[in-house]
Amino acid sequence: MATTLSVKNVEQFNKQDSSGPKIVKRKGSIASRRSSHSLGGSSVATGEERWRRLSRGYSVSLMGGSQRNRISTADTQKPTCKYENTYKMHPDEGHTFPQGQVEALIKAVLESSLEGARYSPRTCSIFTQRIAEELKQRMKDFQLPRYKFVAQVYLGSNQEQSVQMASRAVWDTSTDNFATYSYSNRSLFAVGTIHAVYFE
């Protein structure tokens, strides 16, 4: 049978607790908190006062823990920087995509990475990933602000077959462009492509 929590029930519970057998109390338990609040003063407090002290102690402890957690999480979060819009729709003069120089870059990277290499199905994926990462790192030397680059490398076995590749893109032809170069030796062929898209 469930009992409602009221001042009268709390007083009856306190009387039963003092007249009954001694209970071993755990540290931080409800009984120890109630006894510490009731016996802390010099005068004997009523049940209503005990209940107020008990409820106040719970609210302070709970609020204190939440505040500590809130402060700790606030200290670890970094402030976010908000930038104003520049409304720039086109790159500055002299900072457009240099197609000829990028083609020379792709040629140099493919020749230095694949010179004397033989095609192997197990290692071709590793070669393509490394070459693509090197192309993206080398593109940073051009220092083209607000440009996003996508590097793609295709590698296959050279068996005198015919291979045709095509790509499509929806972009602004006045600012966006691409560069590509094909390399081949007796064992393999490779096609490197870099797409450059201006971020408005």
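Contact here means heavy atoms within 4.5 Å. This is a predicted model, in which local features need pLDDT of at least 70 and side-chain atom pairs count only at pLDDT 80 or more, while totals for chains, interfaces and linings use all residues. Residues are numbered from 1 along each chain as its sequence is written, and side-chain values use heavy atoms, with hydrogens and water left out.

Thr193 lies in strand β3; helices (H or I, at least four residues) and strands (E, at least two) are DSSP runs, numbered from the N terminus. Apart from neighbours within four places in sequence, Thr193 is in contact with Val150, Ala151, Gln152, Phe178, Ala179 and Thr180. With a relative accessible area of 9%, Thr193 is buried (under 20% relative accessible area; exposed is over 50%, partly exposed in between; 1.4 Å probe, protein chains only). Its side chain makes a polar contact with that of Thr180, at 3.2 Å (a pair of N or O atoms within 3.5 Å; within protein, one must be able to donate a hydrogen and the other to accept it, and residues adjacent in sequence count only if both atoms are side-chain atoms).

Helix α5 buries Cys124, Thr128, Ile131, Ala132, Leu135 and Met139. Seen down the helix axis, these buried residues fall within an arc of 100°, so they line one face of α5 (the arc is that of the directions from the helix axis to the C-beta atoms). Gln129 and Arg130, on the other side of α5, are exposed. The buried residues of α5 pack against α4, β1 and β3.
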